[in-house]
Amino acid sequence: MSILITNIKQLLQTRNHNVLKVSGKEMKDLPFIENAYLLIEHDTIVEFGKMEDMGDTIAEKTIDATNKVVLPAWCDSHTHLVYSGNRVQEFIDRINGLSYEEIANRGGGILNSAENLQNTTEDELYNQAINRLQNLMKLGTGAIEIKSGYGLSTEAELKILRVIKKIKHDYNILVKSTFLGAHANPKMYKDNKDGYIDDIINQMIPTIEKEQLANYIDVFCEKGYFSLEDTDKILAAGVKHGLTPKIHVNQFDALGGVALGVKHNALSVDHLEIMTPKDIEVLKGSRTMPVALPSCSYFLSIPYAPARAIIDAGLPLALASDYNPGTTPSGNMNFVVSTACIKMKMTPEEAINAATINGAYAMGISNMYGSITRGKKGNVIITEEIPSYNYLPYAFGDNNIDTVIIHGKVIE
Ligand code: NIG
Ligand code: FE
């Protein structure tokens with residue numbers, strides 16, 4: 001199957017193959033072609049350029065994009081998509097005055113989701129997850145990372161990772177999977193966190209390697225969850241078994257987890273709501289991508305990651321959804337991009353770069369995803385008729401997407 005998109009008002013993020021991420025001032029630059037065409041053959045971008053240079057190009061299917069913008073599909077590098085049920089009651093409790101911490105301390109929060117998941121069959125878990133995934137694909141997400149972390153026992157963590165593996169197999173979308181066994185200390189190990197860490201290191205990680213169930217290892221490095229010392233140990237064990245670190249740090253406190261991530265050559269450090277100048281300094285010259293999750297800040301009413309300080313220090317920044325039942329019950333990347341502009345003072349160019357090419361980098365796939373580049377995957381969003389790409393973040397909460405194409409297939 002080949003698809004030719006013609007008369008595109010603005011074709012965004014046209015790049016050469018060697019651009020794998022953009023940092024600092026480069027983030028303000030979003031290359032685009034006006035009055036453009038794009039040709040996708042099978043699952044690959046093969047040609048694009050100005051309409052006047054299209055010549056006699058033909059395809060099995062032609063889509064007219066007059067007055068429409070075309071951009072790469074979103075690359076969401078941080079989600080917890082495989083969970084069971086919801087935490088609506090905690091949402092109400094927070095409205096009525098309880099804090100996230102207070103809810104967690106009385107056995108709610110992550111432990112609440114873990115109990116729910118342990119009582120959910122693998123089939124039911126899969127069905128809930130694919131419902132969410134199908135919605136996200138219609139909202140323009142064309143590559144996604146999914147974490148475990150709501151199991152908190154060997155059996156339940158492996159159940160989640162097998163569901164992710166089945167999604168990878170069944171759906172025509174790039175999925176990267178992350179083992180986040182160290183998400184919270186389970187009830188069973190209430191007074192014996194080291195016992196749980198021992199299970200993570202000696203049972204879960206070796207099985208994950210044997211069954212090739214994950215690409216990445218993650219830890220929730222935070223007061224009341226996993227300390228710097230715990231995180232160091234768990235990441236080292238993961239690396240030994242072929243997993244690349246990607247960690248949750250600086251959501252509520254700056255403990256030094258960013259430096260620890262850099263020490264372990266983490267692909268990304270995620271959250272970063274509370275950042276010290278030292279945390280920013282230590283990222284310079286590293287391969288580690290800082291990842292901000294503005295929908296989490298929005299939902300919990302906590303600070304936003306200091307995007308301006310990070311970018312103005314010359315660093316790259318990626319944006320992701322953090323889709324999960326507790327802190328971000330939304331995987332809508334359009335909202336993420338809008339919120340980054342409105343609340344974090346990122347320009348539309350910076351936010352779109354952060355949610356495409358830099359998001360792809362944070363999943364280790366920016367050689368194949370995240371830009372309009374010959375040879376990359378045919379993953380694009382075609383908008384409704386809009387005045388310019390600036391209209392996308394401006395019209396927050398609106399769905400301005402007309403068509404989504406993933407791996408050369410129109411999402412119905
Ligand atoms: O990324 N911060 C840790 N983990 C999740 C949310 C956990 C939950 O409340 O379910 C996050 O925000
Ligand atoms: Fe998260």
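Axes are lines fitted to C-alpha atoms, for helices over the stretch in contact, and angles run from 0 to 180 degrees between N-to-C directions. Helices (H or I, at least four residues) and strands (E, at least two) are DSSP runs, numbered from the N terminus. This report describes a predicted model, in which local features need pLDDT of at least 70, side-chain atom pairs count only at pLDDT 80 or more, and totals for chains, interfaces and linings use all residues. Residues are numbered from 1 along each chain as its sequence is written, and chains are lettered from A and ligands numbered from 1 in the order in which they are written.

## Helix pairs

| Pair | Axis separation | Crossing angle |
|---|---|---|
| α12 (residues 333-344) and α13 (residues 348-355) | within 9 Å | roughly 140° |
| α5 (residues 154-170) and α6 (residues 193-210) | within 11 Å | roughly 30° |
| α4 (residues 122-138) and α5 | 10 Å | about 50° |

The axes of α12 and α13 cross at roughly 140°. Angles under 35 degrees count as roughly parallel, over 145 as roughly antiparallel, 65 to 115 as roughly perpendicular and the rest as oblique. α12 is therefore oblique to α13. The crossing of α12 past α13 is right-handed; a crossing is left-handed if the near helix is turned anticlockwise from the far one by less than a right angle, and right-handed if clockwise.

Two residues are in contact if their C-beta atoms, placed from the backbone, lie within 7 Å. On the α12 side the contact is made by Met333, Val336, Val337, Ala340 and Cys341, and on the α13 side by Pro348, Ala351, Ile352, Ala354 and Ala355. For the classes, Ala, Val, Leu, Ile, Met, Phe, Trp, Tyr, Cys and Pro count as nonpolar, Asp, Glu, Lys and Arg as charged, and the others, Gly among them, as polar. The contact of α12 with α13 has ten nonpolar, no polar and no charged residues.

With an angle of roughly 30°, α5 and α6 are roughly parallel to each other. α5 passes α6 in a right-handed crossing. Here Thr154, Glu157, Leu158 and Leu161 of α5 meet Asp199, Gln203, Met204, Thr207 and Ile208 of α6. This contact of α5 with α6 comprises four nonpolar, three polar and two charged residues.

Helix α5 also packs with α4, and these two helices are oblique to each other. The crossing of α4 past α5 is right-handed. From α4, Glu122, Leu125, Tyr126, Ala129, Ile130 and Leu133 meet Lys159, Arg162, Val163, Lys166 and Ile167 of α5. Seven nonpolar, no polar and four charged residues form the contact of α4 with α5.

## Domains

The protein chain is divided into domain 1 (2-72 + 370-410) and domain 2 (75-361), with bounds that come from an automatic or database domain assignment. Their centres, taken over C-alpha atoms, are separated by 29 Å. In the contact, 29 residues of domain 1 touch 33 residues of domain 2. On the domain 1 side, β5 (68-72), α15 (391-394) and β15 (401-406) each supply at least two residues, and β15 gives the most, with three residues. That side of domain 1 has 16 nonpolar, nine polar and four charged residues.

## Ligand 1

A residue is near a molecule if its C-beta atom, placed from the backbone, lies within 6 Å of it. The residues around ligand 1 include Gly109, Ser113, Phe220, His248, Cys296 and Asp322. The shell around ligand 1 has four nonpolar, seven polar and one charged residues.
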